[in-house]
Amino acid sequence: MAERGDGGRPVAFRGGGFSPRPVGVVGPLVFVAVIAFWEAGCRAGLIPPLVLPAPSEALAALAHLVETGLLWKHLGASLQRLVAGWTLGTLLGIAVGFSIGLFSLARAGLAPVVAAIFPIPKIALLPLFVIWFGIGEGSKVATILFGTFFPTVVATYGGVDNVDRGLIRMGQSFGLSWFSIVRKIILPGALPAILPGFRISAAIAIVLLVAAEMIGAEFGVGAYILLAGSLMAMDELLAGVAILSVMGLTVNWLIARTERALLRWRA
Amino acid sequence: MELRLAGLHHGYGEVEVLRGIDLEIPAGRIVCIVGPSGCGKSTLLRLVGGLERPARGEVVQTGEPPPGCLNPLTYIFQDFALLPWRTVEGNVRLVLEDHGFGRAETAGIVDGVLARTHLSEFRAAFPRQLSGGMKQRVAIARALAVSPAFLLMDEPLSALDAQTRELLLDDLVDLWTRERFSGVYITHNLREAVRLGHRVVLLSRRPGTVREVLEIDLPLDARAAHARELEAHRSRLWQLLRDEAHAAELELVDG
């Protein structure tokens with residue numbers, strides 16, 4: 001440390017750091033660099049097409065999907081299953097989560113059941129669902145419903161448990177009805193825990209969607225990927241995977257928007 | 001309408017918190033309850049408003065609440081208890097929604113109490129945008145909206161800094177001078193107690209019993225000018241409280 005004229009030394013700075021800040025262009029740049037590197041590798045013959053086709057080939061496969069109109073058939077079938085399964089699973093999950101959070105009897109009876117079934121990978125139950133609900137849409141929707149139901153239950157009753165009891169007492173002290181307290185205090189109070197649960201359940205739903213479509217589905221992104229894999233059509237397989245990635249990103253974006261709109265008061 | 005506490009006992013598990021509290025709470029006056037930490041002041045207030053059931057004894061309401069009163073026993077909490085997802089206006093509206101008023105009627109009441117608490121400009125703000133003092137003003141507005149017969153105030157100024165506390169104390173004095181509400185005011189701050197209380201009740205340390213009841217006859221709006229007299233009351237209360245507070249300090253929290 002440098003001595004100064006007056007014999008004093010400046011106090012060394014030792015704070016700062018530990019607060020990542022957004023750097024705008026880096027993300028897209030990495031994306032472009034990886035794809036360019038990959039394309040170059042393929043063109044130079046360093047990467048055999050059977051191991052990994054060039055991004056341009058995957059793009060061509062995607063373009064072919066669009067031209068033939070097959071994209072909308074696959075995507076439509078997948079989205080229908082995803083929306084039906086996720087919506088039903090989420091609604092049921094919120095209802096059951098609320099009853100566990102609010103009623104002692106429901107908590108005593110249902111919480112252990114949920115805890116027991118939650119950790120089972122729902123893919124393992126898929127054959128069972130095929131027998132119960134048939135090889136058609138039933139089993140696919142049921143798998144997604146089941147997969148999204150449990151994380152939603154857990155997130156919801158955790159959220160209900162965490163609502164500030166002081167606010168509930170306040171509601172009671174002003175003579176609010178039970179229903180008003182649930183709707184105006186507990187529901188919005190639990191929302192910050194329920195909405196992040198949506199992210200988890202949506203990710204699980206997409207995984208299960210692809211798995212379910214690999215059994216007895218004619219159309220659907222999962223069916224398309226399975227077929228491409230069995231035909232060793234790696235370009236088509238990659239196109240399917242890209243569709244899944246876009247699907248996941250879109251779902252995430254929708255949830256982020258919902259969160260921003262509903263949790264504006266937190267900001 | 002008046003309140004009478006008769007032989008109130010309360011405890012949590014093994015720990016006895018309150019023992020044999022007998023107290024009259026008259027209409028139109030403020031009763032301050034002071035005592036060392038953990039003496040059961042807040043428990044007492046929860047018993048008074050029916051948020052907790054006493055182990056023995058009862059809280060009796062005599063006479064009818066004034067007409068138009070929506071919620072006779074209304075709390076003002078130390079931590080404000082505002083819904084963070086509702087605006088100032090929405091927080092006030094919350095306590096009116098279950099009473100089946102029309103839109104215009106509700107708006108009239110809300111406008112009225114916001115004007116009385118000087119909050120009209122802040123009606124669209126969320127609680128996180130407000131300072132502690134403003135939050136407590138919103139809570140006061142919310143309490144006034146239901147035209148209470150009794151205001152039950154649980155250390156309403158304790159979460160605020162000293163300057164804000166002073167301002168709000170003046171506000172409460174003004175409010176009482178205008179509205180002549182009946183109040184129970186819990187505090188550990190003796191200055192607040194002698195400034196605001198027509199009657200100051202001193203509780204002993206746990207288990208809380210009534211140690212002393214002090215009547216202060218000075219009108220509330222004249223008290224600022226009688227600092228010396230108030231200081232005499234305060235220091236007498238402190239003499240009584242001091243040993244209790246010291247002994248309470250040395251106890252283990254979980255008894």
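Student: Why does B:Arg180 count as exposed?

Tutor: This is a predicted model. B:Arg180 has 11 C-beta neighbours inside 10 Å, and a residue is exposed if 12 or fewer lie within that distance, so B:Arg180 counts as exposed. B:Arg180 is found in the loop between helix H5 (162-179) and strand S7 (182-186) of chain B.

Student: What makes B:Phe80 count as buried?

Tutor: B:Phe80 has 23 C-beta neighbours inside 10 Å. The limit for a buried residue is 20 or more, therefore B:Phe80 counts as buried. The place of B:Phe80 is in the loop between strand S5 (73-76) and helix H2 (88-94) of chain B.

Student: What is the phi of B:Phe80, and what is that of B:Arg180?

Tutor: Phi is near 70° for B:Phe80, a positive value in a residue other than glycine. For B:Arg180 phi is near 50°, again positive in a residue other than glycine. Most residues other than glycine have a negative phi.

Student: How do you know that the peptide bond joining B:Arg206 and B:Pro207 is cis or trans?

Tutor: Omega is about -5°, and the bond is cis. B:Pro207 is found in the loop between strand S8 (199-203) and strand S9 (210-215) of chain B.

Student: Which residues have the most contacts inside the largest nonpolar core?

Tutor: They are B:Cys32, B:Ala145 and B:Val184, in a core of 121 residues. Helix H8 (residues 178-213) of chain A gives the most to this core, with 14 residues. Beyond its neighbours within four places in sequence, B:Cys32 is in contact with residues including B:Tyr185, B:Leu196 and B:Val200.

Student: How many residues of chain A are in contact with chain B, and which element gives the largest share?

Tutor: 15 residues of chain A are in contact with 17 residues of chain B. Helices H7 (165-173) and H8 of chain A give two or more residues to the side of chain A that touches chain B. The largest share, six residues, comes from H7(A). By class, that side has seven nonpolar, six polar and two charged residues.

Definitions and conventions
Residues are numbered from 1 along each chain as its sequence is written. Chains are lettered from A and ligands numbered from 1 in the order in which they are written. This is a predicted model: local features need pLDDT of at least 70, side-chain atom pairs count only at pLDDT 80 or more; totals for chains, interfaces and linings use all residues. A nonpolar core is a set of buried Ala, Val, Leu, Ile, Met, Phe, Trp, Tyr and Cys residues joined through C-beta atoms within 7 Å. Helices (H or I, at least four residues) and strands (E, at least two) are DSSP runs, numbered from the N terminus. Two residues are in contact if their C-beta atoms, placed from the backbone, lie within 7 Å. Ala, Val, Leu, Ile, Met, Phe, Trp, Tyr, Cys and Pro count as nonpolar, Asp, Glu, Lys and Arg as charged, and the others, Gly among them, as polar.
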